Amino acid sequence: MRDRKLESRLEEYVTGDLDTAEAAELETRLAADPAARALHDEVRAAHEALVSLRDRPQPPVAADEALAHIQRAIASNVFSGKPRLELQSSATRFYRRLAVAAVLLCGMSLGLVIHSQFVAPDAGDRTGTPHATPASTPSDADREFFVITDGVSALDWLDQSGGNLVTLTPTDSIIPIFSETSGR
Amino acid sequence: MSTAGSLPIRLLTGTHGVTEGVTGTDRKAEEKSAESDLLRRAQAGDPEAFGQIVTKHWKRAYWTAYDVLYDYDRAQDVAQEAFVKVHRAIHSYDLSRDFASWLYRIVLNVAIDHKRKRDRDRSVPTDKINEMVDARRAVVEDQERAATIEQVEVVLQQLPEKYRVPLTLKDIDGMSVDEVAAILDVSYSTVRWRLHKARRLFRDKWTRLAQRDARADEKKREGSST
């Protein structure tokens, strides 16, 4: 069974975090208690191993060299007026990729808008349904709204191949594009 | 091996220790005043003062980043990025605050961000690992010391970040519990608890490693004597 309180005390003892009175009290106990002494040795050995990292040498990149990099990064921000870091970091690569993805997304969205404006009225062809000739060709002004009758979605309608796609003109008159009815 | 007689050899490094005499306090006050002066000049846009701040803190910032990432290149990136952030924010820095705590908080935040990113696309190629080991050997010339440092780092790496970071800041970088609490933005008692837990985890692993090494040495001796 571990004596947590003693462990904690010993840790603070070897790191020099106990005050004089607490340290003296602990030393008295250590002198009389072999088990506590064994634990003290273990605690001290681990602490000494850990503090060996304090002797770590200078980093592989000297401070002067690092400073030159930092100053270049700061200067490039100041003179270019944009937050560009010359730090070869993966963050820079990530934002570059994000920007490319955003541009691609905008391009695709624009393509979809153009497609829906000029190609969507002929979507009936995708169903394989023979393209019925509209009773009258709607003018550009007529192509403002497209509704599908009896509440079915566009995809349902395409599956059924028999929907009744109509165009609502600005004057609210309904011009059927297909003469067939859905039957639903 | 050790007896009560060896006990007075205490490592009196903590802020609550008794070794800090008048001269130590004076030196600290002088250092603080010199640093405040540098910071004031850096705030006024003096590049030389900023350069001196970087030079003074570079080593500690670098190894702090390394203790999170265990990667020499990334540690360099992180330390540099942290200083760029410091430069950007230095105008709004409150001189009454402790600069080291502020700096290491930035270093740690940048390092943890880098670590999370690395963990997301976790695939350190074998070449990279070998390169890291070679770099370590090149950095530490004394091979025996290098081996100890390597073993300590291996054990430290096995500790969860939550415990490892306060441990390195307190026991390796020599910060006080108050400073660690300020850097990590947690309470004094939380730091003390995490330190205790971290030391216990480290000690258990370190003792096991030492015992394993001792058994291996014993076997080697037995093998050579027969």
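## Helices H8 and H9 of chain B

In this predicted model, the axes of H8(B) and H9(B) come within 9 Å and cross at roughly 105 degrees. Axes are lines fitted to C-alpha atoms, for helices over the stretch in contact, and angles run from 0 to 180 degrees between N-to-C directions. H8(B) is therefore roughly perpendicular to H9(B); angles of 65 to 115 degrees count as roughly perpendicular, those under 35 as roughly parallel, those over 145 as roughly antiparallel, and the rest as oblique. Helices (H or I, at least four residues) and strands (E, at least two) are DSSP runs, numbered from the N terminus.

On the H8(B) side, B:Val177, B:Asp178, B:Val180, B:Ala181 and B:Leu184 meet B:Tyr188, B:Val191 and B:Arg192 of H9(B). Two residues are in contact if their C-beta atoms, placed from the backbone, lie within 7 Å. By class, this contact of H8(B) with H9(B) has six nonpolar, no polar and two charged residues. Ala, Val, Leu, Ile, Met, Phe, Trp, Tyr, Cys and Pro count as nonpolar, Asp, Glu, Lys and Arg as charged, and the others, Gly among them, as polar.

B:Ser101, B:Tyr104, B:Arg105 and B:Leu108 of H4(B) form the contact with B:Glu179, B:Ala182 and B:Ile183 of H8(B). Four of these residues are nonpolar, one is polar and two are charged.

Helix H9 (residues 188–225) of chain B packs with helix H6 (residues 143–157) of chain B at an angle of about 135 degrees, the axes being 10 Å apart. H6(B) and H9(B) are therefore oblique to each other. B:Phe202, B:Lys205, B:Trp206 and B:Leu209 in H9(B) meet B:Gln151, B:Val155 and B:Leu156 in H6(B). The contact comprises five nonpolar residues, one polar and one charged.

## A kink in helix H2 of chain B

Helix H2 (residues 47–69) of chain B has a kink of about 55 degrees centred on B:His57. The bend at a residue is the angle between axes fitted to the seven residues ending there and the seven starting there. Just after H2(B), B:Tyr70 takes a positive phi of about 50 degrees.

## Confidence and conventions

The model scores ipTM 0.70 and pTM 0.60. Mean pLDDT (the predictor's confidence in each residue, from 0 to 100) is 80 for chain B, with 79% of its residues at 70 or more. Over residues 1–21 of chain B, pLDDT stays under 50. For chain A the mean is 70, and 54% of residues reach 70 or more. In chain A, pLDDT stays under 50 over residues 123–136 and over residues 140–163. Where pLDDT is low, the predicted coordinates should not be read in detail.

Residues are numbered from 1 along each chain as its sequence is written, while chains are lettered from A and ligands numbered from 1 in the order in which they are written. Local features need pLDDT of at least 70, side-chain atom pairs count only at pLDDT 80 or more, and totals for chains, interfaces and linings use all residues.
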